[in-house]
Amino acid sequence: MLMQLCFKNVHSLFSALLRWILMMVSRTLVQPLGIISRPKIRTKEQKEGSSAQLTTPSSVNYHFTRQCNYKCGFCFHTAKTSFVLPIEEAKRGLRLLKEAGMEKVNFSGGEPFIHERGSFLGELVRYCKQELQLPSVSIVSNGSLIKESWFQKYGDYLDILAVSCDSFNEDTNKVIGRGQGKKSHLDNLHKVCTWCQDYKVAFKINSVINTYNVDEDMTEQITALNPVRWKVFQCLLIDGENAGENSLREAEKFIISEQQFQDFLDRHQSVECLVPESNQKMRDSYLILDEYVSGVIFSPLQFSSHYCARDF
Ligand SMILES: C[S@@+](CC[C@H](N)C(=O)[O-])C[C@H]1O[C@@H](n2cnc3c(N)ncnc32)[C@H](O)[C@@H]1O
Ligand code: SF4
């Protein structure tokens, strides 16, 4: 009974939140957060119309689950809840965002392939591409739970798959927590890279630079994998997630200085697909749409301490 009540409340709360989100998304609150595209040049009619025309949520990152099978010590989106919105509600939220101007969606987590063994994610990917006709549908994953059968079923609807890999030394991956049991993270990475080629999905790599990999030279391995883009993040602390009270991780020991990050970038300057993301750039640019689809209701200050890449 209590469960039922909670569930109903969550649903009605969600509807109210969505209306609120869309209103806020369209207003200036989102502008300083940079989640959203720059204000567009407006027609005379638009200028005379409501201020809701000022910005559009062109790029959205939806972290629909916080659950994960890995235990990366620096993780800034931790398993604080096990909540996942029912699929029809999630689709409804995505449709409303599309109506508000969303063009790109990126699914993240937690590990997005964990929930319903990837079929929840697959259905959202299909919905966004086939029904909402979004120009860009992407995923960021640790790569460990992806099966070829997923590509067979949903590959046609996916534009980009980013797999996270912080080191080409398996021992370093283990120290970081990127791994599960005896399975090799690097074997998974290579398998997924091949499937992306086979099923014509653009392949990307994300790496978090931290104290354990900061001296590594990844030039050869990245060049061989040939991703369309290699996103290189400076390890970031987020209060309540991987630092401070009530956090599930203590990531302080992973933190590197600006200079160390710059040295890593300099060492890899020959890698043309490298796109750096310093702590400052991450803090300034991102919106998170969390598992309750309520991320955008945080105040700008709290909000900017949450993270969600425009374009993983
Ligand atoms: C939170 S993860 C979720 C998706 C998936 N589980 C994965 O690891 O790719 C999204 C991205 O954030 C990165 N990330 C996690 N913690 C980070 C931190 N403290 N600083 C910078 N990037 C981080 C991950 O490496 C990954 O590329
Ligand atoms: S970074 Fe990704 S793989 Fe690692 S613990 Fe966090 S959600 Fe899981």
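This is a predicted model: local features need pLDDT of at least 70, side-chain atom pairs count only at pLDDT 80 or more; totals for chains, interfaces and linings use all residues.
## Overall make-up

The protein has 312 residues, and 54% of them count as buried. Its secondary structure comprises eleven helices and seven strands.

Taking contacts with a separation of 6 or more, 74% join residues 24 or more positions apart. The accessible surface is about 14,800 Å². Carbon and sulfur atoms supply 52% of that area.

## Salt bridges across the chain

The whole structure holds twelve salt bridges. One of them pairs lysine 129 with aspartate 159, with 2.9 Å between the closest N and O atoms. This pair links distant parts of the chain, 30 residues apart. Lysine 129 sits in helix 4 (residues 119–131). Aspartate 159 sits in the loop between helix 5 (148–154) and strand 4 (160–164). Lysine 129 has 18% relative accessibility and counts as buried because the cut-off is under 20%. Aspartate 159, at 25%, counts as partly exposed.

A further bridge joins arginine 178 to aspartate 166, and here the closest N and O atoms are 2.5 Å apart. Arginine 178 belongs to the loop between helix 6 and helix 7, and aspartate 166 to the loop between strand 4 and helix 6, so the bridge ties together parts twelve residues apart in sequence. Both partners are covered. Arginine 178 is buried at 9% relative accessible area. Aspartate 166 is buried at 0%.

Glutamate 277 is buried, with a relative accessible area of 1%. Lysine 281 is partly exposed, with a value of 32%.

Elsewhere, salt bridges form a network. Its members are Glu88, Lys91, Glu123, Arg126 and Glu131.

## Tyrosine 127 in helix 4

Helix 4, which carries lysine 129, also holds tyrosine 127. Tyrosine 127 is buried, and its relative accessible area is 8%. What does tyrosine 127 contact, leaving aside its neighbours within four places in sequence? The list is Lys91, Leu94, Arg95 and Leu132.

Lys91 in that list is also a member of the salt-bridge network. Arginine 95 is 32 residues from tyrosine 127 in sequence. In space, the C-alpha atoms of tyrosine 127 and arginine 95 are 9.3 Å apart.

## Positive charge on the surface

Where does positive charge gather in a patch? The patch lies on the surface and is made of Arg117, Lys147, Lys183 and Lys191.

Lysine 183, by contrast, has a relative accessible area of 52%.

Conventions:
Residues are numbered from 1 along each chain as its sequence is written. Chains are lettered from A and ligands numbered from 1 in the order in which they are written. Side-chain values use heavy atoms; hydrogens and water are left out. Patches are made of residues with over 30% relative accessible area and no salt bridge: like charges are joined within 9 Å, nonpolar side chains (Val, Leu, Ile, Met, Phe, Trp, Tyr) within 5 Å. Accessible areas come from the Shrake-Rupley method with a 1.4 Å probe; for residues, only the protein chains shown count as cover. A salt bridge is a side-chain nitrogen of Lys or Arg within 4 Å of a carboxyl oxygen of Asp or Glu. Lys and Arg count as positive and Asp and Glu as negative; His and the chain ends are not counted. The place of a charge is taken as NZ of Lys, CZ of Arg, CG of Asp or CD of Glu. Buried means under 20% relative accessible area, exposed over 50%, partly exposed in between (1.4 Å probe, protein chains only). Helices (H or I, at least four residues) and strands (E, at least two) are DSSP runs, numbered from the N terminus. Contact means heavy atoms within 4.5 Å.
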